[in-house]
Amino acid sequence: MSVPSHLRHTPKPSPPETKDLLSSDAKADASVESLTLQLQTLEAENHLLRTLVDAHPDILFIKDAQGLFRYANRTLTEFYGTTLEDIIGREDSYYTGNKEQGNFFRRSVQHVLDTFESELVFEDATDAETGEIKHFRSIKLPFHSTQGEELVAVLAHNVTAEVREHERKTRQIDHIYDTSLEGFWDWNIQSSAVTHNRRWSQILGIPESELSNSLEEFAALLHPEDMPEAMVAIEDCLAGKAPYYHRHRMLNRQGKVLWVIDKGDVIERDKEGKPLRMIGSITDITRVVESEALLHQHNRFDSLTKLANRSSLIDLLQQTIITTDIRGGHAALIFIDLDHFKKINDLLGHTAGDHLLIEVAHRLSRQARSTDMVARFGGDEFVILLQPLSEYAIDANRELEDVMEKMQHSLNQTYSLTGPSGKLLEHHSSASMGSIMFHDRSLSAEELIHRADIAMYCAKEAGRNQRISFDPSMRLKLERSVQLEHDLRSAIELDQTWIVLQPQFDQHQQLLGAECLMRWRHPVYGMISPFEFIPLAEKSHLIDRLGDWVLEEACTLLKTWESVPALADIHLSINVSTRQIDSPCYVDSMAETLTRHDISPLCLQLELTESVFVNDMPTTVGRMHQLNALSLSLSLDDFGTGFSSLTYIKHLPFSEIKIDRSFISDLEHDVMDFRMVEFIIHLGHELGMRVVAEGVETQGQFDHLTAMGCDVIQGYLLAKPMPVDAFIQRYGGS
């Protein structure tokens, strides 16, 4: 709102009262403008919402407790041939003329409001334009309006096409010539005579000629367990309390149980309100109930193994926690994970893997007790709930161990699996097991499962095919491991890592080179041992990144030392992991790094262990020859600890072998170690390779090694790993 023109050209300042008035007017103008903007925004949002709702192909409406429309989208108003303004405050029968249908809709709304729970129902409605009955799958959701009124929102999806297709197929298969799916009945209450249509007799498998048309016949066909409740529903209808609507079982002449929806109402009463006539119908819903049972089976059981699934296990576990707390006694969880299951899928295919899982399920079920639950938790994980166990912890633990031992023994037996070529193969498998016992409500179901899972993980770490019970220290160890793995990802960027060099010497203690070793100082835990963080890096796939970083550091040092005479000719060794050598890009990346730093490959040595040959030996061997073609030296680390070392050094381009420190430590006192070291040195020389001894800590070890002709000595006796600056200061000649 602009200021009036006669005020804008006033030369003199306004009196205080005028200024206050102008200030008040300006605030009012701003308030009006803000309110106008808010209203415009709300109108735009409401228009958008209305447009979206009207464009929805499904019917959407809101009804009150009387079953009257409070809102309807365009799909519904077009269905009933009316407008939004006209439909508000009316019910369905106003447009369809179908009072029974209207009453049904009203009762349905009342039922939803009574329970105040959402409901999925199948129902019919009459097209006002064509008079045609349409079938809908409706979701009904109760809610409170902003004024606190109870309302029901309904989203109805037209399933008429699906229903009609089902009817068509049913008629073709069952040769049903009666078009109605419902069996109608008409009860003369005064005479107790009941008449039926043909469909009624078809549903119950009774020839029309054999019908007695009596109420006693109906009672005889009712399932005995459902009769009392059905009779109460009929009596309530006769008393005018509610229309008759009941779902129950009936028995046909062959004794087969049928599920039906039986509904009806009194259509005639005398002057005193006494019921005279009641009509209704039954609908065979046996297939629907069976489908519900199948759906329940799907939701509660694993489709492959037929064991209980995760949801079923958690439900029973929650009940068991309460039961053990109230009644005393113990219960336990066993978490099982198959060892090396991925290899089965990779080598034999997923069909063989599925067959293995099925057989595992059978074996676990046979070893479990009748009161226990065996569940497939997902993938190759199984969880067994043992309950009840003894009230005494010692006895309960003995029962738990007995079951676990039997299960482990059973799972370790040979499996017969079909390979890709159809050939029957004998397969040996094992499983890692973690367990936890409980007897009260101190831990939730999720926490119990988590702790059993932690124990299983520790069994894996302990070498697989192990049984381990949960201990609180396991959680602390796992949390530390998870934290370290997380922090390791950013350790390089935060300058928490650095390189130390362990010198390597010849027999005359002249410096030949050094091995690059990575160190990490954590801001909370302090120095982290490589024996802890290197396995974490390998498991979390960070080893590639760490290996690349060490390579860059080594190349940078070698380039710098080209101008340092005392260091120009020494070599640096770096360790190469399995994941690095498995990468198709490793050789190209190595070549690019050497070119970028412009260093001689002869100064760089790559140390590999036998583990690099586990996954794909032919591919690995090919990459080694490619690396050797770059003039890089290859060293076989930890020689003597594997089973195929002789095969490796015979056929592969190694120029050096490193004797594992486990042989060096007892060299002076163990004759077998002495002879093993002597043999390795002799073998290496016969094959034209340099031999390195690592872990040399005593003068006696040094003397023995030099006497045997060992080429390179590495260990604390001569020099411990040291920072780069200290290495340069000691050996750089300055």
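**Exercise 1.** In this predicted model, determine how the axes of helix α16 (residues 445-461) and helix α17 (residues 472-491) are oriented and which residues meet.

*Solution.* Step 1: the axes of α16 and α17 come within 10 Å and cross at roughly 75°. Step 2: angles of 65 to 115 degrees count as roughly perpendicular; α16 and α17 are therefore roughly perpendicular to each other. Step 3: α16 contributes Glu447, His450, Arg451, Ile454, Ala455, Tyr457 and Cys458, which meet Met474, Arg475 and Leu478 of α17. Step 4: by class, the residues of this contact between α16 and α17 comprise six nonpolar, one polar and three charged.

**Exercise 2.** State with which strands β18 (residues 497-505) pairs, in what sense, and over how many bridges.

*Solution.* Step 1: β18 and strand β19 (residues 511-522) run antiparallel and are joined by nine bridges. Within this pair, Pro503 stands opposite Ala514 of β19. Step 2: the hairpin of β18 and β19 has five residues between the strands, and Gln509 takes a positive phi near 65° there. Step 3: β18 also pairs with strand β27 (residues 722-723), in the antiparallel sense and over two bridges. Here Leu501 stands opposite Met722 of β27.

**Exercise 3.** Decide whether strand β18 is largely enclosed or open, using the burial of its residues.

*Solution.* Step 1: a residue counts as buried under 20% relative accessible area. Step 2: eight of the nine residues of β18 are buried. Step 3: β18 is therefore largely enclosed by the rest of the structure.

Technical notes:
Residues numbered from 1 in each chain as written. Predicted model: local features only at pLDDT ≥ 70, side-chain atom pairs only at ≥ 80, totals over all residues. Heavy atoms only, no water. Buried < 20%, exposed > 50% of the residue type's maximum accessible area, 1.4 Å probe, protein only. Helix = DSSP H or I, 4+ residues; strand = E, 2+ residues; numbered from the N terminus. Pairing = 2+ DSSP bridges. Axes fitted to C-alpha atoms, helices over the stretch in contact; angles between N-to-C directions. Parallel < 35°, antiparallel > 145°, perpendicular 65-115°, else oblique. Contact = heavy atoms within 4.5 Å. Nonpolar A, V, L, I, M, F, W, Y, C, P; charged D, E, K, R; others polar.
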